[in-house]
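Please keep the structure open beside them and look up each residue as it is named.

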Amino acid sequence: MPPSKKKSSKKKGFGKKKAAASATASSATSTPTVPRSNEEIIGNSWKNNVIKKSIVRELNEALVYESTISEKRKEIFAQLDALNGTSVNETGSTDLALMPVTYETEGMLNYPKMPCMLTVGKTAPFLMSKRFHGVPVSMMRGAGYDEVEMGFAKSWDPKQPVYHVDLPHLCRGSESTIFMGECYLDKEDVLHFAQRFAKGASSYNWPDSFAILQCPFCCKMALPLVNGKGKVDEASVKESTYIMILQNIMQFVKMGTSLQRIHRGLPRLCCKSCFEKNLIQEEELGISYPGVLKHGIMFHAAKNDFLKGFPEVKEGDEVESISISAYSLFVMYERCGMQAAVDETIFVTTEAGMNSFRGKMEKIGIKLGEVSIKQAKAQYGEEEEGDTAERCQQVD
């Protein structure tokens with residue numbers, strides 16, 4: 001005969017209390033378990049973009065650990081706090097040499113002239129500028145692009161403005177950081193970024209996908225928005241959103257007989273308070289906060305993609321209440337052709353610079369294929385920005 005409901009309920013309740021007490025005692029005395037690396041968590045799911053709840057859950061647990069528990073994060077915060085308001089250079093920014101190393105690769109840290117860093121510090125005043133990028137001719141000819149990417153390149157409208165974020169330490173002349181717009185982060189975004197920027201998906205060593213979620217100012221990690229029921233809703237989106245910028249990170253590599261400078265567009269999520277604090281307001285140019293949100297690419301270059309399912313956004317409309325997920329915003333950057341247009345500028349600038357570099361090497365009797373990275377870095381010190389690579393290409 002089955003036990004009565006009353007008896008069963010009592011046993012269950014007792015069991016829960018006992019288990020809860022045991023868990024509390026255990027958590028008070030045990031050290032938090034260090035999560036597996038992102039690469040171990042996602043495995044080969046990046047090959048076909050498989051989405052499994054178990055992967056999403058473990059990856060987000062690893063993010064929480066990275067954000068609040070890891071010793072590395074505590075050390076980074078301590079370094080930034082020690083620099084806050086001190087060691088400021090003539091531009092009003094914290095000196096590059098004092099920036100903490102976070103997710104930078106060896107190739108980024110060894111970048112000629114000055115390292116390619118992921119952090120600018122809490123004090124980093126910056127300007128924004130509107131520029132126009134022409135038709136990406138080279139990109140449409142397949143300079144490192146596949147057929148799908150060439151299709152995106154052909155869709156670019158050169159009349160569309162591109163808003164550049166002139167952040168100290170993150171900029172490389174024509175490859176300065178791009179303003180993407182406002183967005184929120186959900187749990188699946190964390191997986192999408194991990195798969196897209198997986199180590200196994202690239203021939204080169206690039207930063208971990210968590211670099212995307214690290215604010216370049218304060219180094220806090222962006223966390224997915226959820227309400228009490230564990231879901232994203234309108235209220236949670238309004239409470240906490242981020243500003244996405246796109247940093248073109250650089251590496252300098254020797255590949256066989258070819259000397260190359262390679263770059264990759266890395267989306268970055270900034271705390272809105274950090275962005276607003278450091279943005280130099282230029283209201284006469286339409287550069288002020290929160291008005292600058294209207295320059296997000298979903299309202300300009302990518303508005304056709306964004307407006308599918310949304311009412312048309314007109315000049316003067318409030319945009320603060322209209323948000324998009326972080327990964328969707330990054331995808332729009334590619335699909336509208338803006339990535340190709342920016343890559344074109346980098347490609348052309350680097351090709352022109354390389355002609356000068358090649359000529360100087362030949363004058364001293366060194367063939368290009370014989371140039372070592374050490375020699376190139378030494379020569380680079382006398383060159384203008386972008387003068388060291390035989391070819392600079394966007395690579396995954």
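**Notes on the predicted model**

1. I begin with Arg264, which has its place in strand β5, the strand that covers residues 258-271. In this predicted model, Arg264 counts as buried, since its relative accessibility is 1%. The side chain of Arg264 reaches the backbone oxygen of Arg196 at a distance of 3.4 Å.

2. The whole chain should be kept in view while you read about single residues. The chain holds 15 helices and six strands, and of its 396 residues, 49% are buried. If you take the contacts between residues at least 6 apart in sequence, 73% of them join residues at least 24 apart.

3. Please read the confidence values with care. The average pLDDT of the chain is 75, and 67% of the residues score at least 70. Confidence is lowest in helix α1 (residues 5-29), with a mean of 43, whereas it is highest in helix α9 (residues 210-213), at 96.

4. The buried residues are Asp189, Val190, Leu191, His192, Phe193, Ala194 and Gln195.

5. Which aromatic partners does Phe193 have? A search of the whole structure finds seven aromatic pairs. In one of them, the rings of Phe193 and Tyr327 have centres 5.2 Å apart and planes at 75 degrees, and because planes over 60 degrees apart count as edge-to-face, this pair is given that name. Phe193 lies in helix α8 (residues 187-196) and Tyr327 in helix α13 (residues 326-335), so the pair ties together parts that are 134 residues apart in sequence. Both residues are buried, Phe193 with a relative accessible area of 1% and Tyr327 with one of 18%.

6. Phe193 also pairs with Phe330: the ring centres lie 6.3 Å apart and the planes stand at 50 degrees, so this pair is tilted. Since Phe193 is in helix α8 and Phe330 in helix α13, the pair ties together parts that are 137 residues apart in sequence. Phe330 is buried, as Phe193 is.

7. The last point concerns the nonpolar cores. The largest nonpolar core has 61 residues, and those that touch the most other members are Phe193, Leu213, Met244, Leu269 and Met338. Leaving aside residues up to four places away in sequence, Leu213 touches Leu63, Leu185, Val190, Phe193, Lys220, Met221, Ala222 and Leu269. A second core, separate and made of 23 residues, includes Leu170, Cys218, Ile287 and Val292.

How values were computed
Residues numbered from 1 in each chain as written. Predicted model: local features only at pLDDT ≥ 70, side-chain atom pairs only at ≥ 80, totals over all residues. Heavy atoms only, no water. Phe/Tyr/Trp six-rings, centres within 6.5 Å; stacked < 30°, edge-to-face > 60°. Helix = DSSP H or I, 4+ residues; strand = E, 2+ residues; numbered from the N terminus. Buried < 20%, exposed > 50% of the residue type's maximum accessible area, 1.4 Å probe, protein only. pLDDT = per-residue confidence, 0-100. Core = buried A, V, L, I, M, F, W, Y, C linked by side-chain atoms within 4.5 Å. Contact = heavy atoms within 4.5 Å. Polar contact = N/O pair within 3.5 Å; in protein donor to acceptor, adjacent residues only side chain to side chain.
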